[in-house]
Amino acid sequence: MSAPAPSTATALAPVPSDGVLAGVRWALARDLKLAFRSRAELGVQLLFYVIVVTLFPLATTPERNLLSTMGPGVLWVAALLASLLSLPRLFATDHADGTLEQIALSPYALEALVSGKIAAHWLTTGLPVVLLAPMLGLQYYMDGESLTVLAAGLLMGTPILSLLGAIGAALTLGLKGGGGLLALLILPLYVPVLIFGAGAVDAVRAGLGATANLSLLGAGFALAVVGAPFAAAAAVRIALD
Amino acid sequence: MLEAQNLAARRGFAELFKDVGFRVKSGGALVVTGPNGTGKTTLLRMLAGLSAPAAGEIRWNGRRIEPFSAELRAVVAYAGHLPALKDELTAEENLVSLVELSGTSAPRADIDRALDSVALSHRRSLPSRVLSAGQRRRIGLARLLVSRRPLWILDEPVTALDAAGAALLARLVHDHLDRGGIVVAATHQSLGLEPSRVQSLVLGETVPA
C-alpha cells in the first residue's frame, strides 16, 4: 500500500455547490441506475397493477355498459395503489444504509436531490402505468377518446402521486409499520387527484369535454412540483435529526 | 478551526452530556472517547451538522454554523456507522457515486489511485454485497481520500478493519493533518498520531465541579 498522494487539484478547498441541476441530475441518474439493477422489483409492481385491473371484470360482470362505466375509476384506483406500493423504497433503503445522511450532507441542495429522486420514482413507476393504462382500458370496452383522456390524465396525475407520496415517505422514515401509516397518511391526499383524473374520463363520456378536469390536474401538478420537494426535504432533515 | 462551546445533548428526557467545549486548530485532531451511551455518536452527528445541539454552539472558522448549513456541507466529510454503500453497485461505482455526491469532480486517475491505496483495485468490479465488512470500510476510506474535505468526522473508523487497514487509516489521518485538515474521531483504538497534535475529549465524566 503506497502513501496516498495528494492530487494536483487544490487540496482541502471547500467545494462550491454548483447549481440545482447538478444535484437533480446526480439523484436522477443514480436512482435510475439502481432501479435498472433491481428491475425485477419494478416488474413486480407493474404486474400488481395489471392484475388488480384485470381482477375487476372477472369478479363483477362482463356486461359492456357497466364495465365501461367503472373502467376509469378502477384504472385510477389501481394506479394509486401501485404508486403507494413503490413509495417506501423511495427513501427507506437510503435511510437504512446511511446514504441518506450523505445525501443530506452533500453540498448540493437537498431539495434538488429529492427532486431528482422523485423524478426517478415517477419514471420507473408512474410512466409505465401511464403507458399500460390504454391497453388495460380495452378490457373495459373504453373507446378511443376515453383512452386518450385516461392516458392524458394519468400523465399529469401520476407525477402528483409521486410528489405527494415523497412527503409521506419522508415523514414515515424510521417508523415501525411505516408502510401502513404511509397509506393512511397519503391516500386521503390522493383523493383530489383520483376525482379529477377519473372525472376527466367521465366528463368525456358525458360529452362535456375533459378540459376542466385536466386543467385542474395540471394546476395540481404545478403546485405539487413547486411545494413537494421542499416539504419532503424538510421531512428528511427531521428524520435524520 | 472547529470550536464548540457549552454543547449539550438530550435523548428524550435523559441528558447525554452538557458543557462540552473544545477548539481544534487546522492540522489538529480531536479524539472522543467514553463509555457506550455517553453520546459520542450524538456529538459527532452534531459536528457534522446532522442534528441540532440542545444547547451551545458550534463554530467553523469563527462563524456559527447551524445544522445542514451550506457552509458546513461544503467542508465536512462524515463517515458514520452506516457505510452508505449500495449493494446493487460495484465497489468502484459506489465510490464514484459518493464522490460525485460530495460535489468533487474526480478524474479517473484519482479514483484509481484511491482504490489502489485502500487495496481494493482487484475487487473494484465486484458488487458491494459480496464485499466483507472491512472492505466496505475501505471504500469509505477511499471516499475520504478523493473528496478532500477539510473536516473529517469519523465514527469508530477502525471497526472491522484489519491491522493493515488500521495502519492505512492512521496514515490517511496523518496525511490529512499534514495538509492542514481537521479530524474528529470517536475511537478507542489509537490512531498512532503524535500526542502534540491530538486532543482528547472524554465523555461521561464531564460532571461540572
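**Entry 1: Glu41(A)**

I looked up Glu41(A) and found it exposed, because 12 other C-beta atoms lie within 10 Å. The cut-offs I used count a residue as buried at 20 or more other C-beta atoms within 10 Å of its own, exposed at 12 or fewer, and partly exposed in between, with C-beta atoms placed from the backbone. The model is a predicted one, so local features need pLDDT of at least 70 and side-chain atom pairs count only at pLDDT 80 or more, while totals for chains, interfaces and linings use all residues. Residues are numbered from 1 along each chain as its sequence is written, and chains are lettered from A and ligands numbered from 1 in the order in which they are written.

I placed Glu41(A) in helix H2 of chain A, residues 39-59. Helices (H or I, at least four residues) and strands (E, at least two) are DSSP runs, numbered from the N terminus.

**Entry 2: H4(A) and H7(A)**

Two packed helices are described by the angle between their axes and the distance between the axes. I read an angle of about 35° for H4 (residues 88-96) and H7 (residues 144-171) of chain A, with the axes 8 Å apart. Axes are lines fitted to C-alpha atoms, for helices over the stretch in contact, and angles run from 0 to 180 degrees between N-to-C directions.

Which residues make the contact? I listed Pro88(A), Leu90(A) and Phe91(A) from H4(A), and Ala166(A), Ala169(A) and Ala170(A) from H7(A). Contact here means C-beta atoms, placed from the backbone, within 7 Å. I sorted these residues into six nonpolar, no polar and no charged. Ala, Val, Leu, Ile, Met, Phe, Trp, Tyr, Cys and Pro count as nonpolar, Asp, Glu, Lys and Arg as charged, and the others, Gly among them, as polar.

**Entry 3: H3(B) and H4(B)**

I found that the axes of H3(B) and H4(B) come within 11 Å and cross at roughly 120°. The two helices are therefore oblique to each other; angles under 35 degrees count as roughly parallel, over 145 as roughly antiparallel, 65 to 115 as roughly perpendicular and the rest as oblique. Glu92(B), Leu95(B) and Val96(B) of H3(B) meet Ile111(B), Ala114(B) and Leu115(B) of H4(B). I noted five nonpolar residues, no polar and one charged in this contact.

**Entry 4: Chain B against chain A**

I found 41 residues of chain B in contact with 32 residues of chain A. H6(B) gives the most to the chain B side, with five residues.

Terms used: Two residues are in contact if their C-beta atoms, placed from the backbone, lie within 7 Å.
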